Amino acid sequence: MKDVFRVQRMWRPRAKLRRRYDVVIVGGGAHGLATAYYLAKTHGITDVAVLEKSYIGSGAAGRNTTIIRANYRTPQGAEFYKESLRLYEGLSVELDFNLLFSQQGHLTLAHSDRGLITATERAEVNQLLGIDSRLVYPDEIAGLCPEINLSQDATWPIVGALYHPPGGIIRHDAVVWGYARGADRGGVEIHPYTEVTGIERSNGRVTGVRTNRGEVEADVVISCTAGWSTLVCDLAGVPLPITTHILQAFVTEPIKPFLDVIIVSSQMHVYISQTDRGEILIGAEIEPYTTYKGQSTFPFVEYSARHTLELFPQLEPVKVLRQWTGLCDLSPDYSPILGETEVENFHVSAGWGTYGFKAAPIVGTTLAELVATGRTPKLIAPFALERFYTDTLVSELAAAAVSH
Amino acid sequence: MSFLLPCPNCGPRDVNEFAYQGEVTKRPTQSPTLRELSSYLYFRENVAGVQREWWYHRLGCQAWFQAERDTRTNEVLATELTEPVSAEGAPGPEATPALGENPTL
Ligand SMILES: Cc1cc2nc3c(=O)[nH]c(=O)nc-3n(C[C@H](O)[C@H](O)[C@H](O)COP(=O)(O)OP(=O)(O)OC[C@H]3O[C@@H](n4cnc5c(N)ncnc54)[C@H](O)[C@@H]3O)c2cc1C
Ligand SMILES: [Zn+2]
């Protein structure tokens with residue numbers, strides 16, 4: 001009985017950093033921790049260290065707006081995210097931790113014929129792959145979201161939407177903590193405040209890393225460093241087609257349940273959901289210039305609020321509570337870069353832009369399989385870094401620029 | 001406001017008046033290989049530090065200019081108008097490599 005009130009640690013405190021591991025994972029975000037979890041759980045590879053330069057979940061994993069969906073535009077992308085969504089549906093049970101996954105549905109608004117065409121293309125790709133996704137028109141939108149302004153007097157009247165019923169939001173910190181706890185229980189070591197400052201190679205093959213806590217040998221090194229990917233891969237001599245930008249979000253003060261569907265408008269550069277705490281959560285596009293400085297800006301709140309009020313005029317009296325920023329690693333085709341590099345046994349998960357949180361379970365599963373079997377899983381083959389040298393891009397622009 | 005950028009013509013202005021046009025890259029020379037061409041098209045230094053980059057003053061004088069900015073702090077160290085580049089050294093049409101099938105582009 002007294003155990004009920006005892007404060008329990010989610011995972012063991014950081015141990016002494018050993019001089020050798022089978023696998024070193026750089027980055028303690030959702031991708032790094034998920035990869036560690038599946039290495040231990042599925043493949044019994046437990047001699048693994050996750051090295052994180054700050055606290056666990058300090059990167060985009062702890063700052064994102066938690067949208068999970070599979071309604072992408074390319075068959076390669078849709079297939080990949082569909083599998084991740086499926087894994088998310090079972091993840092609370094898998095990790096024995098309530099992730100508060102709410103599959104409330106996702107509406108991508110169309111404000112023009114062009115918008116309707118894009119929505120139709122996506123719906124057709126999705127339906128061919130068995131993803132629940134279809135076009136809806138204002139009469140049905142009114143039923144799905146009675147609060148939204150469907151007036152024809154709006155600046156950009158709503159003419160339809162792509163509706164994706166299984167899309168949802170989740171408690172992002174819980175995903176990070178659940179994976180960290182699961183990895184720890186599987187025997188993985190988690191090392192916060194351990195920064196990788198060098199990556200050692202010999203004969204084109206990775207041999208270990210240098211850190212602020214000493215050198216570590218490893219057979220395999222995986223970079224899961226999102227916004228910092230260029231800097232970390234640089235240490236291994238691997239150039240990336242990535243630019244780093246900030247993405248911002250803000251929440252209002254909590255209000256009564258008001259919105260139970262995610263609203264995205266690419267035309268108006270804004271997306272909106274209501275969190276379990278009642279806050280209205282609002283996000284937009286990346287800032288156009290590259291930067292590593294995670295500072296919030298006022299123009300972002302100003303234009304996002306203005307566009308939100310066009311869609312939901314009744315939010316006018318609601319106050320903004322706080323805003324924040326995270327780093328994002330943009331790839332030229334809005335698709336990820338996943339798997340092997342030209343340095344043997346140095347693998348990468350990057351190019352996640354503004355949409356990588358939803359991919360954590362499938363990234364972890366496939367990277368763990370790559371390490372265990374030495375073969376690239378079919379699902380991630382289209383996302384190899386090599387595609388930028390052979391010019392075989394996978395353009396997700398239509399489904400990933402404002403929709404995260 | 002995010003930060004100020006001194007336009008060489010108009011002086012310090014809100015960064016939102018400008019369009020960011022990417023880091024300054026080195027053009028490949030005549031007859032690049034596909035690897036050279038794709039490196040030029042897609043790969044970026046993306047430094048955390050001082051970066052030389054292009055800007056366009058879209059809501060002002062409409063000039064293109066270069067800036068040196070520290071991407072860790074967004075401090076702008078210098079801006080300048082550049083000389084027009086001669087066409088010499090730029091790849092001619094015969095140098096365009098076959099890109100192969102690419103249904104997704
Ligand atoms: C505001 C915002 C909203 C977003 N909304 C969504 C959304 O709705 N849906 C969605 O799917 N995605 C969204 N994203 C994107 C998503 O959050 C990221 O793509 C995803 O979290 C990246 O994977 P990660 O969790 O592993 O990265 P991160 O959490 O960023 O992990 C990378 C880690 O690497 C560490 N690191 C860096 N360099 C080193 C080093 N040298 N040594 C050791 N450690 C290092 C960092 O400290 C960091 O903790 C959003 C992002 C932001 C910023
Ligand atoms: Zn000017």
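Modeller: Let us begin with terms: two strands pair if DSSP finds at least two bridges between them. Helices (H or I, at least four residues) and strands (E, at least two) are DSSP runs, numbered from the N terminus. This is a predicted model, in which local features need pLDDT of at least 70, side-chain atom pairs count only at pLDDT 80 or more, and totals for chains, interfaces and linings use all residues. Residues are numbered from 1 along each chain as its sequence is written, and chains are lettered from A and ligands numbered from 1 in the order in which they are written.

Biologist: Which residue stands opposite A:Ile280 in S15(A)?

Modeller: That residue is A:Gln274. Strand S14 (residues 270–274) of chain A runs antiparallel to S15(A), joined by 4 bridges. The two form a hairpin with 5 residues between them, and A:Gly278 in the turn has a positive phi of about 100°.

Biologist: And how many bridges join S12(A) to S15(A)?

Modeller: There are 4 bridges, and these strands also run antiparallel. A:Ala249 has A:Gly283 in S15(A) as its bridge partner.

Biologist: How many residues of strand S15 of chain A are buried?

Modeller: Of the 7 residues in strand S15 (residues 280–286) of chain A, 6 are buried. A residue is buried if 20 or more other C-beta atoms, placed from the backbone, lie within 10 Å of its own.

Biologist: Now the ligand. Which residues are closest to ligand 1?

Modeller: The closest are A:Gly27, A:Gly29, A:Gly59, A:Gly326 and A:Gly356, in a shell of 41 residues (C-beta atom, placed from the backbone, within 6 Å of the ligand). Helix H1 (30–43), strand S12 (243–252) and strand S16 (320–330) of chain A each give two or more residues to this shell.

Biologist: Which domains contribute to that shell?

Modeller: At least three residues come from each of domain 1 (17–65 + 173–242 + 332–400) and domain 2 (105–167 + 246–328) of chain A. These bounds come from an automatic or database domain assignment. The domain centres, taken over C-alpha atoms, are separated by 30 Å. Their contact takes 12 residues from domain 1 and 11 residues from domain 2, where contact requires C-beta atoms, placed from the backbone, within 7 Å.

Biologist: What about chain B: how many residues does each chain give to the contact?

Modeller: Chain A gives 26 residues and chain B gives 20 residues. On the chain A side, the elements giving two or more residues are helix H7 (229–235), S12, helix H8 (298–311) and helix H10 (387–390).

Notes. Contact = placed C-beta atoms within 7 Å. Buried ≥ 20, exposed ≤ 12 C-beta atoms within 10 Å, placed from the backbone.
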